[in-house]
Amino acid sequence: MLSRRGHGRVERGRDHHVEEGIGRPAPGLPVVEGLLLKGKTILDIGCGAGGITLHLVARHGAACAIGFDVEKPVIEAARQGAIRHGLGDRVSFIQAPPGPLPFADASFDVVFSKDALLHAPDKDSLFAEIFRVLKLGGVFAASNWMIAHDGEPSPEMKAYIAAEGLSFAMASPARYAEAMRRAGLTDITVRDRNPWYREVEREELSRLKGRSTRRPRRRSARPMSTRTSGPGRRCRRCLTVASTAPLICAVGSRLDSRRCWRPSHP
């Protein structure tokens, strides 16, 4: 059901604001603003190296959190991070192959995810599993890349996906909301964070352009423009892609106790 990007690579941006220290806020965390996390049990789907998972416990007061990812290397790094920050008794990390979530029904007060759900092709099965592991009254909150429609991605987006070796199964906000409702989630709200992301990328592009004007160090035989042209092109491409790939925050709640719809899995 859930897989991450191809070629065994870890997504840029998932933990880069929290790897050095769990005190710094990360771009995906505004989605949990207003949610009471203190004393709650949290599942972080697609946790990567675990920076945000640790942040949710250390800075938001969650009682415990489990980070889940399909890639073994990042889970091993996450476990080391939990020990390093003294949170091994409140945070754990689980690796499992794509498929149904390896957790019992009604296990979590909150299910959180950042930049991971777009890798799941079957959105209905994905949210059925999220609904299943949520407790009655639980909340799902995520920040995720989406596309403005459910047709073919634009040529610019296809080029970006190919260049980065990504395994995207992008869908529109309407498609996500439909899957959430079908699973049983209610009180669904969606917030477009695209304007914020454009500004972030403009700032990054500006920094890269500033580096290109610096004098190259003598130890390098390559001109500075060669070393910075790749990231610069990538930032410019991100600014173009951002117009068709909204960064969305979505929140939904499990408010009924009806039997979970269980999708069939081969």
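A crossing of two helices is right-handed if the near helix is turned clockwise from the far one by less than a right angle. That term is needed at the third stop of this tour, which goes through a predicted model.

**Whole chain**

Of the 266 residues, 50% count as buried. Take the contacts between residues at least 6 apart in sequence: 81% of them join residues at least 24 apart.

**The cores**

Next, select L43, F103, V111, L117, F127, I130 and F140. These are the residues with the most contacts inside the largest nonpolar core, which has 36 residues. Which element gives the largest share? It is α3, with 5 residues. As a general point, nonpolar side chains in soluble globular proteins tend to be buried together.

Return to F127 and display what surrounds it. Beyond residues up to four places away in sequence, F127 touches L117, F140, Y176, A179, M180, A183 and L185.

**Helices α3 and α5**

Select α3 and α5 together. Their axes come within 8 Å and cross at roughly 45 degrees, which makes α3 oblique to α5. Viewed for handedness, the crossing of α3 past α5 is right-handed. On the α3 side, the contact is made by K123, D124, F127, A128 and F131; on the α5 side, it is made by R175, Y176, A179, M180, R182 and A183. Colour these residues by class to find 7 nonpolar, no polar and 4 charged residues.

**G252**

Move to strand β7 (residues 247-253), where G252 is found. Is G252 buried or exposed? G252 counts as buried because its relative accessibility is 0%, and the cut-off for buried is under 20%.

Then draw a distance from the C-alpha atom of G252 to that of T186. The two residues are 66 apart along the chain, yet these atoms are separated by 5.6 Å. Leaving aside neighbours within four places in sequence, the contacts of G252 are G138, V139, F140, M180, L185, T186, D187 and I188. Of the residues in that list, F140 and M180 are also touched by F127.

Most residues other than glycine have a negative phi.

Select A106 in the loop between β3 (91-95) and β4. A106 is not a glycine, but its phi is positive, at about 50 degrees. With a relative accessible area of 40%, A106 is partly exposed.

Finish at D187, one of the contacts of G252. D187 lies in strand β6 (residues 186-192). Its phi is positive as well, at about 50 degrees, although D187 is not a glycine. How does D187 count, buried or exposed? D187 counts as exposed because its relative accessibility is 54%, and exposed means over 50%.

Technical notes
Residues are numbered from 1 along each chain as its sequence is written. This is a predicted model: local features need pLDDT of at least 70, side-chain atom pairs count only at pLDDT 80 or more; totals for chains, interfaces and linings use all residues. Side-chain values use heavy atoms; hydrogens and water are left out. A nonpolar core is a set of buried Ala, Val, Leu, Ile, Met, Phe, Trp, Tyr and Cys residues joined through side-chain atoms within 4.5 Å. Buried means under 20% relative accessible area, exposed over 50%, partly exposed in between (1.4 Å probe, protein chains only). Helices (H or I, at least four residues) and strands (E, at least two) are DSSP runs, numbered from the N terminus. Contact means heavy atoms within 4.5 Å. Axes are lines fitted to C-alpha atoms, for helices over the stretch in contact, and angles run from 0 to 180 degrees between N-to-C directions. Angles under 35 degrees count as roughly parallel, over 145 as roughly antiparallel, 65 to 115 as roughly perpendicular and the rest as oblique. Ala, Val, Leu, Ile, Met, Phe, Trp, Tyr, Cys and Pro count as nonpolar, Asp, Glu, Lys and Arg as charged, and the others, Gly among them, as polar.
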